[in-house]
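Visitor: Hi! Could you walk me through this model, starting with the terms you'll be using?

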Amino acid sequence: MATFRTRPHALLATTTALLLLLPLTSAHGDHSHLSPDLAISADPLDAILWIHILLQCLAWGILFPTGMVLGLVRNRWHVPVQTLASCVAIVGYFLGHAHKGRQFAKNAHSGFATWLMLMLIGQVVLGVYLRLHIEKGFLARVRKGLVKAHGVLGGLIPVAAWVQMLLGGIAVQGFCRGDHLGQCLAHFIMGSAFIGYGIVLTILLLCGQAWLAGTGRSQEFYDSLVIALWGCVNTFTEHRWGGAWVGNDLQHTTMGIIWWAAGLVGIWLSRDRAGRPKRNLIPSIVILLTGWGMSAHPQSLDLSTHVHGIFGYTLMAAGLTRLIEISFILRDKVAPERPDDIDQEINSFQYLPPFLLYASGFLFMGATEEQMQMLSDAGVTHVSYILILYSISFLLFLFVLMLLHLYSAHTGIGSGGKGKPAVKLDDEERLPRVNGHNHTMRIPNASDRQAQDAQEFELEGLMSEDEDERGTRRKDGNGSAR
């Protein structure tokens with residue numbers, strides 16, 4: 001069967017198609033005939049725009065992250081999946097210029113599309129070069145650097161795609177303009193940070209334990225470092241210094257102060273007095289206090305009050321469950337006892353803190369002023385809306401788990417280090433087919449092991465009595481011979 005390596009013209013055709021998009025990227029979003037005071041027209045979304053949205057979500061939200069994981073494990077499906085994703089993205093891009101119906105003013109979504117397509121073009125060009133294995137002259141000397149650039153760019157594209165999809169959702173409703181921009185940015189940036197933190201915790205839980213142990217630091221060191229840096233940013237950006245204190249400026253600023261203050265304590269406690277890595281509860285306490293503080297923000301709508309309240313409780317639960325995990329589940333263990341078989345080490349409770357962070361992020365991103373006003377006008381209850389956001393959180397959590405399972409299945413992480421599933425200590429375990437027949441092996445359970453120990457003890461007693469009797473007979477025999 002012909003492959004992309006034996007047929008490089010297929011890759012070159014894809015690259016050429018992407019390069020043809022370069023002069024067109026600046027035109028994205030240039031289909032507005034609105035007055036300057038309007039963000040969107042009153043027209044509904046037409047079928048072409050819906051197809052554009054669905055295709056771009058498929059390409060950037062599912063196919064590209066899957067292809068990235070396949071590239072990390074050097075799977076042969078990496079190139080086909082990334083090529084398919086690129087083709088779907090190209091089709092969706094052109095559909096974004098062909099729709100009728102609702103029109104849009106100049107927005108961040110259209111501007112960021114240029115940079116996203118440039119990133120895609122650069123990634124495809126690098127992929128084609130690396131796939132053709134050109135190792136002569138100057139290209140051979142810079143190959144290692146280009147391999148690293150290809151990997152870094154591949155990791156940045158899903159993050160940039162996340163930003164672009166959020167900007168698309170904002171643009172389609174005409175939100176986050178004028179006086180609403182500040183609180184809108186705060187909600188989407190902080191909500192994305194919570195989701196990103198949940199993804200990092202999921203990765204470290206399932207695939208990152210060996211790496212973390214190799215750094216010689218506890219996880220709380222990195223958590224506290226990020227918390228301290230983020231707190232510094234919040235302290236000096238939540239209020240326009242020199243002006244009057246308005247709205248929730250004081251509450252947001254004091255929250256930034258407690259972040260960097262607690263973050264410094266967490267960094268200090270991340271090592272004991274002998275310099276060894278040590279767990280601590282500071283990040284958990286910061287998350288808990290942040291949830292409590294944000295749940296107490298005064299809101300103008302009852303719907304917004306309910307959504308912010310559930311968001312605060314969810315975030316507080318994330319901090320509390322993280323605290324319980326470290327103190328009572330892990331008992332301050334820095335690294336697992338069997339990192340090559342992490343599935344045997346993971347407690348089911350440990351999946352709860354990451355998921356609650358996913359849910360907290362979506363709840364916070366979905367609680368902007370304009371969203372709350374629109375849903376309140378439509379008569380949507382807070383129960384229905386919160387359940388929808390929790391459902392989206394479950395779906396993202398599932399997708400991340402599937403990607404990590406795909407990675408682990410090809411690298412052997414968490415399954416004995418050999419890419420094979422770890423043996424489960426159930427009562428019965430079915431073995432692979434041998435000579436075309438299924439064979440079942442009985443694995444001893446607790447009662448079996450107790451019976452075996454008793455039997456060994458009895459055999460040991462019989463063997464010792466038998467040895468004593470033989471020794472007595474030898475002495476009697478030697479005595480008669482004399």
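Guide: Happy to. Helices (H or I, at least four residues) and strands (E, at least two) are DSSP runs, numbered from the N terminus. This is a predicted model, where local features need pLDDT of at least 70 and side-chain atom pairs count only at pLDDT 80 or more, while totals for chains, interfaces and linings use all residues. Residues are numbered from 1 along each chain as its sequence is written, and side-chain values use heavy atoms, with hydrogens and water left out.

Visitor: Good. How many helices and strands are there in the protein chain?

Guide: The protein chain has 17 helices and 2 strands.

Visitor: And what share of its residues is buried?

Guide: Of the 482 residues in the protein chain, 40% are buried. Buried means under 20% relative accessible area, exposed means over 50%, and partly exposed is in between (1.4 Å probe, protein chains only).

Visitor: What does the accessible surface of the protein chain come to?

Guide: About 27800 Å², and 64% of that belongs to carbon and sulfur atoms. The areas come from the Shrake-Rupley method with a 1.4 Å probe; for residues, only the protein chains shown count as cover.

Visitor: What about contacts across the sequence?

Guide: Contact means heavy atoms within 4.5 Å. Taking contacts between residues at least 6 apart in sequence, 76% join residues at least 24 apart.

Visitor: Let's do helix packing. At what angle do H11 and H12 pack?

Guide: At about 165 degrees, with their axes 7 Å apart. Axes are lines fitted to C-alpha atoms, for helices over the stretch in contact, and angles run from 0 to 180 degrees between N-to-C directions.

Visitor: Parallel or antiparallel, then, for H11 and H12?

Guide: H11 is therefore roughly antiparallel to H12. Angles under 35 degrees count as roughly parallel, over 145 as roughly antiparallel, 65 to 115 as roughly perpendicular and the rest as oblique.

Visitor: Is the crossing of H11 and H12 left-handed or right-handed?

Guide: H11 passes H12 in a left-handed crossing. Left-handed is the term if the near helix is turned anticlockwise from the far one by less than a right angle, and right-handed if clockwise.

Visitor: Which residues of H11 and H12 meet?

Guide: From H11, they include Ile 285, Leu 288, Trp 292 and Met 294, and from H12, they include Phe 311, Leu 315, Met 316 and Leu 323. By class, the residues of that contact divide into 12 nonpolar, 8 polar and 1 charged. Here Ala, Val, Leu, Ile, Met, Phe, Trp, Tyr, Cys and Pro count as nonpolar, Asp, Glu, Lys and Arg as charged, and the others, Gly among them, as polar.

Visitor: Where is His 297?

Guide: His 297 sits in the loop between helix H11 (282-295) and helix H12 (302-329). It counts as buried because its relative accessibility is 12%. Setting aside neighbours within four places in sequence, His 297 is in contact with Asn 248, Gln 251 and His 252. From C-alpha to C-alpha, His 297 and Gly 309 are 8.7 Å apart in space and 12 residues apart in sequence.

Visitor: Nice. Now H3 and H4: how do they pack?

Guide: Helix H3 (residues 78-98) and helix H4 (residues 108-132) pack at about 150 degrees, with axes 12 Å apart, and are therefore roughly antiparallel to each other. Their crossing is left-handed. Val 79, Ser 86, Ala 89 and Tyr 93 in H3 meet Met 117, Leu 120, Val 124 and Arg 131 in H4. That contact has 6 nonpolar, 1 polar and 1 charged residues.
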